[in-house]
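Thank you all for making the time this morning.

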Amino acid sequence: MWNVPHLPFIPEQASTFAVEYDLIYWTIMALTIFFTVATCAAIAYFVAKYHHGSNADRSNPPATNHALEIAWSVIPLLMALVIFAWNAEMYVKMRVPPKNAMNIFVVGKQWMWHLQHPNGVRENNRLTVPIGVPIKLTMISQDVLHSFYVPQFRVKQDVIPGRYTMLWFEASKIGTYNLFCTEYCGTQHSEMGGYVRVVSQADYAKWLANGGDDSLPNATPVELGKAIWDRYSCGNCHGVKDTERGPSLIGMYGRKREFTDGTSAEADQVYVRDAVLYPYRKILKGYEQTMPEYSDLLNEDQVIQLSLYMKTMGETAKPAANTPAQGTNR
Ligand code: CUA
């Protein structure tokens, strides 16, 4: 539904930090390259000129040269101090959020991001923010170390159990950007992420007022169900094929589901409702309890919409009858 950008070598500049941040980065990079090349060139020159047996003039070798020695001490010192001061200024700017910043809460857990807006609107693995407004994220982890990283904003901050950490930014460009977990946090670390969606202030206000729903005028229950599916990133775990992350739900309706406690049931609407709201009750054979509960997030209307959408997933891509998906009977 949303077009999450492929991350190029140099990410887009989409926050107010990005331009200065990149300038610092490329300045240090340019100085490093300049001195590396200059040093190597000097080595090569002297090797060529004074190699054993060359007839270079070796009379009167200089023992000391104060001007040169002072220059190669003082000039790099001044350069390092300028870079230090510039970076320190940038660091302080990035660590001190403006007083009027909007507060959004972030909870990291294995392996997703939960975000909550000031009026209670929640998102999973997606953060919707208005352009041109300072946003302060107050973050905590429910289990292990995670790290919240938006490359296009040039911001990154560890998310730690038992302690709030802070990150702020102001988006400067409407668009969709990457959200990564950038601290190894377990098996599915690499898939823990989503995107940040920057919208206009008017669209954000409208979106918040609608309770965060992706507004779909005159939408059918199936379309609303798809919006819920996308909003909670169900497809991250339930893809076209069974994976260790989660079983595929395509063509699941009407099939027999076998559970870890030895019982089984036909996948119907009642089963889907229980599986969405209370996933710990019946665990599909071959899986562990990793799916989060949605009993606090979805109301009954939404569960119905979601289950109706899941049904259509089977109709658009129906596997051959009586063919168990991916080897096991799920
Ligand atoms: Cu969470 Cu890596």
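**A buried arginine and its surroundings**

R245 counts as buried, since its relative accessibility comes to 9%. Please keep in mind from the start that what you are looking at is a predicted model, and that the values I quote are computed from it. R245 is located in the loop that runs between α4 and β11. If we set aside its neighbours within four places in sequence, the residues in contact with R245 are W111, Q188, E191, N236, C237, Y287 and T290. There is also a C-alpha to C-alpha distance to mention here, because R245 and M291 lie 46 residues apart in sequence and 9.1 Å apart in space.

The loop between α4 and β11 also holds G251, which is buried as well, with a relative accessible area of 14%. From the C-alpha atom of G251 to that of T312 the separation is 8.5 Å, although 61 residues along the chain lie between the two positions.

Let me stay with α4 for a moment, the helix that covers residues 221-231. Which of its residues are buried? They are G225, A227, I228, W229, D230 and R231. Just after α4, the chain reaches S233, where phi is positive, at about 50 degrees.

The peptide bond that joins Q110 and W111 is cis, with omega at about 0 degrees, and W111 is found in the loop between β1, residues 102-109, and β2, residues 112-116.

Two further residues have a positive phi without being glycine. For N60 the value is near 45 degrees, and for R154 the value is about 60 degrees. N60 sits in the loop between α1 and α2, while R154 sits in the loop between β6, residues 146-150, and β7, residues 155-159. Are these two residues buried or exposed? N60 is exposed, with a relative accessible area of 72%, whereas R154 is buried, with a relative accessible area of 8%.

**The pair of helices**

Finally, let us turn to the two helices on either side of the loop that holds N60. Helix α1, residues 18-50, and helix α2, residues 66-95, have axes that come within 11 Å and cross at roughly 160 degrees. An angle over 145 degrees counts as roughly antiparallel, and therefore α1 is roughly antiparallel to α2. Their crossing is left-handed. On the α1 side, the contact is made by E20, Y21, L23, I24, T27, I28, L31 and F35, and on the α2 side by M79, I83, W86, N87, E89, M90, K93 and M94. Sorted by class, this contact has 11 nonpolar, two polar and three charged residues.

As for α1 itself, its 33 residues reach 47 Å from the first C-alpha to the last, which is close to the 48 Å expected at 1.5 Å a residue. In α1, A18, E20, D22 and I24 are buried, and α2 is included in what covers the buried residues of α1.

That is where I will stop, and I am happy to go back to any of these regions.

Notes:
Residues are numbered from 1 along each chain as its sequence is written. This is a predicted model: local features need pLDDT of at least 70, side-chain atom pairs count only at pLDDT 80 or more; totals for chains, interfaces and linings use all residues. Side-chain values use heavy atoms; hydrogens and water are left out. Axes are lines fitted to C-alpha atoms, for helices over the stretch in contact, and angles run from 0 to 180 degrees between N-to-C directions. Helices (H or I, at least four residues) and strands (E, at least two) are DSSP runs, numbered from the N terminus. Angles under 35 degrees count as roughly parallel, over 145 as roughly antiparallel, 65 to 115 as roughly perpendicular and the rest as oblique. A crossing is left-handed if the near helix is turned anticlockwise from the far one by less than a right angle, and right-handed if clockwise. Contact means heavy atoms within 4.5 Å. Ala, Val, Leu, Ile, Met, Phe, Trp, Tyr, Cys and Pro count as nonpolar, Asp, Glu, Lys and Arg as charged, and the others, Gly among them, as polar. The expected span of a helix is 1.5 Å times one less than its number of residues. Buried means under 20% relative accessible area, exposed over 50%, partly exposed in between (1.4 Å probe, protein chains only).
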